[in-house]
Amino acid sequence: MKPTQRPERFNYGARAIIFWLIILIAFSCIGMSITALAFLSTQKQDGLVINIAGRQRMLSQKMSKEAISIKSNINTEANRKALQATHALFNKSHLGLLKGDEEMQLPATTNKKILEQLQKVDALWSPFSKNILEIIEQDQDSLAFQQSVTGILTNNIALLKEMNKAVGMYEEASSKKISLLKNILILGAINSFVASVICWMTVNRKIILNIRKISADLKINAEEVSNSSNHISSASQVLADGSTSAAASLEQTTEALKEISIMTHQNADHSQEADDLMQKAEQATKEANNYMDQVTASQREIATESSKIVKIIKTIDDIAFQTNLLALNAAVEAARAGEAGAGFAVVANEVRNLAIRAATSAKETAGLIETTVKKLDHGTSLVETTRESFGKVEDSIDKVVQLVKGVATGSKRQVQGIEEINKSIKTLDHLTHENAANAEESASAAAELHAMAEQVDQVSLSLMEVIFGAAKKHNQVMVADQRTHYGTKTLPRPISYKKEVCHG
Amino acid sequence: MDNQLTNIPETKAVGGKFLTFNLEQEEYGILINRVKEIIGMMPVSAIPRASQFIKGVINLRGIVIPIVDLRLKFGMQAKEQTEKTCIIVIEQKKGEQKTNIGIIVDSVSEVLTISPENIDPPPALVGCKDHSYLDGIAKSKNCIKMILNIDEVLAEESADYKEKIQLEPTH
């Protein structure tokens with residue numbers, strides 16, 4: 001089974017996305033922390049500022065009360081001193097609020113509106129401060145004192161109001177800062193939450209799911225590798241067995257080849273002998289032909305002699321015929337001679353009888369000669385037939401000689417071929433033994449492969465446990481994953497897989 | 001010799017010596033004193049416009065003799081001549097004249113003496129108009145020999161021959 005392709009999404013930037021998301025979360029956390037810390041530090045100062053600003057209101061009224069007390073001559077000296085201290089404190093606080101004071105740990109006010117308000121306070125404070133100082137220094141009855149008291153009483157409430165405004169503005173600014181901090185914190189929390197969710201989704205979608213798939217594939221592949229290794233193992237066993245029996249067959253083949261080789265050698269020898277015999281037979285046939293030629297010649301001579309004899313016999317027959325005619329004529333003459341020819345007639349008759357006998361003998365001889373000639377002709381034709389037969393025999397002998405030579409050369413080639421076959425069989429034997437050894441090695445390798453496949457299976461199980469925890473059953477995950485994995489893309493695969501499982 | 005010849009009756013068979021010869025399978029006999037001689041076959045010179053059975057003439061020791069093919073004369077198939085084919089020269093007497101005429105036969109057999117009791121007259125057969133050719137039928141052992149009246153056989157021929165070639169008698 002080919003390895004499952006990893007999803008393409010996984011290929012680009014899962015790592016980068018997670019990295020940047022974690023960076024984002026980290027930065028937002030750090031930013032929130034810094035912001036909160038900064039706000040907290042300013043919040044502390046804000047409290048101090050608001051406190052001091054609030055104290056200024058009280059101090060303004062205290063100074064008014066002390067000034068009025070001095071005017072009314074109630075505890076004048078003590079009030080003078082108190083008024084002096086209060087004045088100094090107010091002035092110091094006022095300057096601290098305006099420009100900052102390290103001793104009081106006050107920061108300079110930067111808010112423009114508050115600063116403008118403080119300028120207004122300052123504008124009221126400058127004459128108020130002079131009046132206070134004159135009250136402290138001048139005699140109670142003096143005009144300057146009286147004027148100062150009047151100035152304080154008139155400006156007293158305005159100063160308070162302006163200062164109160166400033167305090168309210170401080171408070172407002174502070175509360176604004178707090179709400180801003182709240183907003184920032186909420187925003188940061190939302191930001192972190194969203195980033196975390198995205199991170200989780202990314203991790204889940206791009207890593208866990210993939211790892212699950214990979215783990216499932218690993219398991220499947222491991223099982224298939226296991227099955228395949230089993231097949232390889234059994235096949236190797238079969239191959240080894242086959243190689244062994246092949247080696248045995250090869251040995252038998254070698255034995256058989258040895259026998260064939262011996263027989264082939266015998267064949268070669270026999271064909272050589274047959275060749276010699278055939279040559280002798282050829283010689284004998286040639287001699288027979290010669291004799292037959294001689295027979296034919298003598299028969300021809302006999303035939304010519306016979307024809308001569310026939311001529312002679314014809315002559316004899318002719319003579320006999322003529323003699324017969326003569327005898328008949330003599331008989332005719334004798335008859336015509338009457339009584340006188342009686343004796344002559346007897347002689348003529350005897351002559352005629354002789355002539356007839358001669359003719360008969362000649363005829364018989366001619367018949368015998370004719371028979372002889374016929375027999376000679378028959379003999380000649382027989383000789384011709386025999387000669388033709390011998391010719392055929394000769395042709396056959398020629399062919400047999402050729403064939404025997406062919407057999408001889410063929411046997412030699414066979415011997416060579418058998419030697420080559422022997423070499424090949426030795427090579428084959430070697431190869432077969434190697435095959436057997438290789439098959440054994442393959443079997444052991446297949447066993448190792450099987451073990452490794454089980455290890456891989458274990459690894460995929462471990463991977464599943466790492467991802468889903470030990471409680472979750474691996475197989476359930478597997479089945480579910482297979483459904484999602486094969487159900488859409490490759491339907492036939494589970495079938496083949498199941499088949500292989502059945503084999504295993 | 002002349003006396004003997006005259007003594008022998010010319011018609012109707014009596015016993016005596018006969019020369020027998022063959023035509024086809026049949027054997028015939030002629031009175032021996034009518035035979036002048038027997039010669040072997042010899043070249044025959046054909047005569048223009050002669051009858052079919054007149055083969056021609058031969059020159060026998062300076063005498064021209066007409067030759068009759070007896071086969072054709074008897075209405076038999078003509079036959080190639082063989083070694084045995086012979087010419088029998090017959091002596092004819094017409095008054096004072098003696099003429100010779102040759103007949104071609106397949107072969108000559110022998111000179112035979114037949115007693116008169118062995119010779120029967122020719123049988124009266126229906127449809128056989130003319131018995132003049134036969135003098136009688138001789139019985140010899142199991143064979144039959146027809147005794148020819150050679151004069152009758154050759155009579156017309158002599159006439160025809162004379163009419164046609166007007167041969168002058170030499171003797």
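Trainee: In this predicted model, which residue just after helix 2 of chain A takes a positive phi?

Mentor: The model is predicted, so the angle is a computed one. Look at the position that comes just after helix 2 of chain A, where phi is positive at about 90°. The residue there is A:Gly100.

Trainee: How many residues does helix 2 of chain A have, and what span does it reach from its first C-alpha to its last?

Mentor: Helix 2 of chain A covers residues 76-99, which gives 24 residues. At 1.5 Å a residue the expected span is 34 Å, and the computed span is close to that expectation. From the first C-alpha to the last, helix 2 of chain A reaches 34 Å.

Trainee: Against which helices do the buried residues of helix 2 of chain A pack?

Mentor: Begin with the buried residues themselves, which include A:Leu83, A:Phe90 and A:Leu97, with A:His87 and A:His94 also among them. A residue counts as buried here if 20 or more other C-beta atoms lie within 10 Å of its own. The buried residues of helix 2 of chain A pack against two partners in chain A, namely helix 1 (14-71) and helix 3 (112-137).

Trainee: Which strands are the edge strands of the open sheet in chain B?

Mentor: The open sheet of chain B has 5 strands in the order 3-6-7-5-4, with mixed pairing.

Trainee: What is the bridge partner of B:Ile39 in strand 6 of chain B?

Mentor: Strand 3 of chain B pairs with strand 6 (residues 86-94) of chain B in the antiparallel sense, over 5 bridges. Within strand 6 of chain B, the bridge partner of B:Ile39 is B:Ile87.

Trainee: Which strand of chain B gives the most residues to the side that touches chain A?

Mentor: In the contact between the chains, 13 residues of chain B meet 9 residues of chain A. The elements of chain B that give two or more residues to this side are strand 1 (16-23), strand 3 (35-40) and strand 8 (107-114). By class, this side of chain B has 7 nonpolar, 3 polar and 3 charged residues. The element that gives the most, with 4 residues, is strand 3 of chain B.

Note on methods. Residues are numbered from 1 along each chain as its sequence is written. Chains are lettered from A and ligands numbered from 1 in the order in which they are written. This is a predicted model: local features need pLDDT of at least 70, side-chain atom pairs count only at pLDDT 80 or more; totals for chains, interfaces and linings use all residues. Two residues are in contact if their C-beta atoms, placed from the backbone, lie within 7 Å. Ala, Val, Leu, Ile, Met, Phe, Trp, Tyr, Cys and Pro count as nonpolar, Asp, Glu, Lys and Arg as charged, and the others, Gly among them, as polar. Two strands pair if DSSP finds at least two bridges between them. The expected span of a helix is 1.5 Å times one less than its number of residues. A residue is buried if 20 or more other C-beta atoms lie within 10 Å of its own, exposed if 12 or fewer, and partly exposed in between; C-beta atoms are placed from the backbone.
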